[in-house]
Amino acid sequence: LVDKFVVSKISAPPALYTLLVTTLGLVVVFLAPFGFQFVFSFDLFLLALVAGGGYTLAIYYLYTALQRGEATRVFTAIGAVTALITFYRHLSFWVND
């Protein structure tokens, strides 16, 4: 609801939207329920760091595309690219077996 208000009523640079979304995502770490156990390993930490950086870049480019183009075209392109990447990733795993 807040995100819809920010995107529709306030014209701000995509970096501000990205900061808002990623900061709110970090709050979840502190709101994790009691009894949640962290399994820490350096490899897992690096994977999480790369995934978080990729998510941040993806959100930034999403808001940049939404600012420059129509939402229907942007989300259609994202859906098509996601399907193609998923297909080719699956194909590469299947061929390597």
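Tyr63 is tucked away from the surface: its relative accessible area is 9%, so it counts as buried (buried means under 20% relative accessible area, exposed means over 50%, and partly exposed is in between, with a 1.4 Å probe and protein chains only). The model is a predicted one, where local features need pLDDT of at least 70 and side-chain atom pairs count only at pLDDT 80 or more, while totals for chains, interfaces and linings use all residues. Residues are numbered from 1 along each chain as its sequence is written, and side-chain values use heavy atoms, with hydrogens and water left out.

Now for the overall layout. The chain has four helices and zero strands (DSSP runs numbered from the N terminus, H or I of at least four residues for helices and E of at least two for strands). The chain has 97 residues, and 12% of them count as buried. As for confidence, the mean pLDDT of the chain is 82, and 84% of the residues reach at least 70 (pLDDT is the predictor's confidence in each residue, from 0 to 100). That confidence is lowest in helix H1, residues 2–9, with a mean of 59, and highest in helix H3, residues 42–68, with 90.

Back to the rings: the structure holds three aromatic pairs (rings of Phe, Tyr and Trp, the last by its six-membered ring, with centres within 6.5 Å; planes under 30 degrees apart are stacked, over 60 edge-to-face, and the rest tilted). In one of these pairs, Tyr17 and Tyr63 have ring centres 5.1 Å apart and planes at 50°, so the pair is tilted. Because Tyr17 sits in helix H2 and Tyr63 in helix H3, this pair ties together parts that are 46 residues apart in sequence. Phe87 and Tyr88 make an edge-to-face pair, with 5.4 Å from centre to centre and 65° between the planes. Phe87 is partly exposed at 45%, and Tyr88 is exposed at 52%.

Thr64 belongs to helix H3 and is buried, with 13% relative accessibility; its side chain reaches the backbone oxygen of Tyr60 at 2.9 Å. Thr22, over in helix H2, is also buried, at 17%. Its side chain gets to the backbone oxygen of Leu19 at 3.3 Å.

Next come the charges. Side chains of opposite charge can pair when their charged atoms come close. There is one salt bridge (a side-chain nitrogen of Lys or Arg within 4 Å of a carboxyl oxygen of Asp or Glu). Glu70 and Arg73 are the partners, at 4.0 Å from N to O. Arg73 counts as exposed, because its relative accessibility is 61%.

Finally, there is a greasy spot on the outside. Phe40, Phe42, Phe45, Leu46 and Leu49 make a nonpolar surface patch of about 570 Å². Phe40 is in the loop between helix H2 (14–30) and H3, and with 67% relative accessibility it counts as exposed. Patch residues have over 30% relative accessible area and no salt bridge, with like charges joined within 9 Å and nonpolar side chains (Val, Leu, Ile, Met, Phe, Trp, Tyr) within 5 Å.

Key: Accessible areas come from the Shrake-Rupley method with a 1.4 Å probe; for residues, only the protein chains shown count as cover. A polar contact is a pair of N or O atoms within 3.5 Å; within protein, one must be able to donate a hydrogen and the other to accept it, and residues adjacent in sequence count only if both atoms are side-chain atoms.
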